[in-house]
Amino acid sequence: MVKKYCAFGGCKRLVNLNERYCDKHKPKDSHISKTSDYANEIHKSSRWRKTSLLYREANPICEQCLKASKRAGKGLDERAGMINLATSVDHIKSLAEGGEPYNWNNLMSLCSYHHSLKSQQEREQKNKPTG
């Protein structure tokens, strides 16, 4: 059977032609939010799965990697030049802050590195003491 490389950036595992990712890099079927039951309801919906899939198909490259590559010549980003395929779609303005869940202007495609980084920053911001 003819095989091809996994579509995850840098992965050398072989997959069948009708597959995109190896088992290690297949996108997760569900997303569990640690911050909001409302977000969990959105992420479980078929409407979100369709929206997320369509957005990622239209924007297959991590949008933060693209921004970093534009700053490469200025020495502003340690990951500059590393461009990865998006593995998830995230909300620019989080659902907990009232972001619109299905509005493409509130979405961005992210690789696993940038999604983890953004989620960590949001958690730190949420837990930051006020006053």
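This is a predicted model: local features need pLDDT of at least 70, side-chain atom pairs count only at pLDDT 80 or more; totals for chains, interfaces and linings use all residues.

Me: What is the secondary structure of the protein chain?
Reply: The protein chain has four helices and four strands. Along the sequence they come in the pattern β-β-α-α-α-β-β-α.

Me: Why is His115 called buried?
Reply: Its relative accessible area is 15%. Buried means under 20%, so His115, at 15%, is buried. His115 sits in helix α4, which covers residues 112-127. The C-alpha atoms of His115 and Ser88 are 7.4 Å apart, although 27 residues separate them along the chain.

Me: How much of the protein chain counts as buried?
Reply: Of its 131 residues, 36% do. The protein chain exposes about 9,000 Å², and carbon and sulfur atoms supply 50% of that area.

Me: What makes a set of residues a nonpolar core, and which residues form the largest one?
Reply: The residues must be buried, be of the listed kinds such as Ala, Leu or Tyr, and be joined through side-chain atoms within 4.5 Å. The largest core has eight residues: Ala39, Ile42, Trp48, Tyr55, Val89, Leu95, Tyr102 and Leu107. Helices α1 (37-44) and α2 (46-58) are the elements that give two or more residues to this core. Apart from it lies another core of six residues, including Cys11 and Val15.

Me: Which residues is Leu95 in contact with, leaving aside its neighbours within four places in sequence?
Reply: Leu95 is in contact with Tyr38, Ala39, Ile42, His43, Glu100 and Pro101. Contact means heavy atoms within 4.5 Å, so each of these residues has a heavy atom within 4.5 Å of one in Leu95.

Conventions
Residues are numbered from 1 along each chain as its sequence is written. Side-chain values use heavy atoms; hydrogens and water are left out. Buried means under 20% relative accessible area, exposed over 50%, partly exposed in between (1.4 Å probe, protein chains only). Accessible areas come from the Shrake-Rupley method with a 1.4 Å probe; for residues, only the protein chains shown count as cover.
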